[in-house]
Amino acid sequence: MKQSHVFIFLVVLLTKFVLPEKLPVVLWHGMGDTCCFPFSVGGFKKFLETELGIYSKSIEIGNSIVADLKSGYFVHPNKQVESVCTELMNDTNLVNGYNGIGFSQGGQFMRALAQRCPWPRMNNLITLGGQHQGVFGLPNCPALSSKTCEGFRRILKNAAYTDFMQNHLVQATYWHDPLNEIMYKNSSTFLADINNERAINHSYIQNLRSLKKFVMVRFNKDSIVQPLDSQWFGYYKPGQDVQTQSLRESDIYLQDRLGLKLMDAEEKIVFLECNGNHLQFTKEWVRQNLFKYLQ
């Protein structure tokens, strides 16, 4: 065999069997956004495709951008996750797996996908400003500094756990009242389930632990997510809404209800911070902090 032919053969062999294939990325937008706005998730999708040369898919719920926008408020997360799972299973570009990125509430939706939809396999999960332990406050409305905000919060507090609100308002499904943990755990139709706070679903643990990395990004000047710690899976200490506790101090971790304690010991959990308001980051920050989990 000629030397040139040997070289070509080795290149083909390395490409096929040795060099790792870049996995696709699946993106899930947050509340008030859609799959494809060029100034938000649509632009981020194009950025990843250009910089990394990968296939990417931005989740769209419904048959139009308008329907997708409304879904962030009015289509139950359980229904969304089930629909997206079916969609991904039918996408031949994802047969070798993918990396998932969730923006804001899309973070907990993407995590639910990892726990409930083991195929196609999610390799790494990145959540940007996700609310893994829920929220107890209104966007841009700090409850502790505004009487008006506190009044609105009381209204949602009293209505969030009704059947009507749980079935028709997405944000009610991850409203987490630390002053009434029993009501939250018994009535939450989404968050309490994916956090294994009522009963232990062992498939959730197994599927989440199959991730190589679970990366949580917290925005240090966030005015949307309350409390801020929810972005790192922390929350208010039970029974009050002033002092917070970290993931490692929570019952979910200490009782290992999701396998997070084991994942932490295996160095699969990554805590990142960004010094901006909600979802405010630069391309350079993404290159420096996230690209390593997408290649």
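Helix α4 passes helix α5 in a right-handed crossing; a crossing is right-handed if the near helix is turned clockwise from the far one by less than a right angle, and left-handed if anticlockwise. The model is a predicted one, in which local features need pLDDT of at least 70, side-chain atom pairs count only at pLDDT 80 or more, and totals for chains, interfaces and linings use all residues. Residues are numbered from 1 along each chain as its sequence is written, and side-chain values use heavy atoms, with hydrogens and water left out.

Two packed helices are described by the angle between their axes and the distance between the axes. For α4 and α5 (residues 105-116), the angle is about 60° and the axes are 10 Å apart. Axes here are lines fitted to C-alpha atoms, for helices over the stretch in contact, with angles from 0 to 180 degrees between N-to-C directions. The two helices are therefore oblique to each other; under 35 degrees counts as roughly parallel, over 145 as roughly antiparallel, 65 to 115 as roughly perpendicular, and the rest as oblique. Helices (H or I, at least four residues) and strands (E, at least two) are DSSP runs, numbered from the N terminus.

F103 belongs to strand β3 (residues 98-103) and is buried, at a relative accessible area of 4%. Buried means under 20%, exposed over 50%, and partly exposed in between, with a 1.4 Å probe and protein chains only. The C-alpha atom of F103 is separated by 5.0 Å from that of L128, 25 residues apart along the chain. S104 lies in the loop between β3 and α5. Its phi is near 55°, a positive value in a residue other than glycine, and S104 is buried, with a relative accessible area of 9%.

Finally, the cis peptide bonds. One joins W119 and P120, with omega about 0°, and P120 lies in the loop between α5 and β4 (122-128). Another joins Q226 and P227, again with omega about 0°; P227 is in the loop between β5 (213-219) and β6 (235-236).
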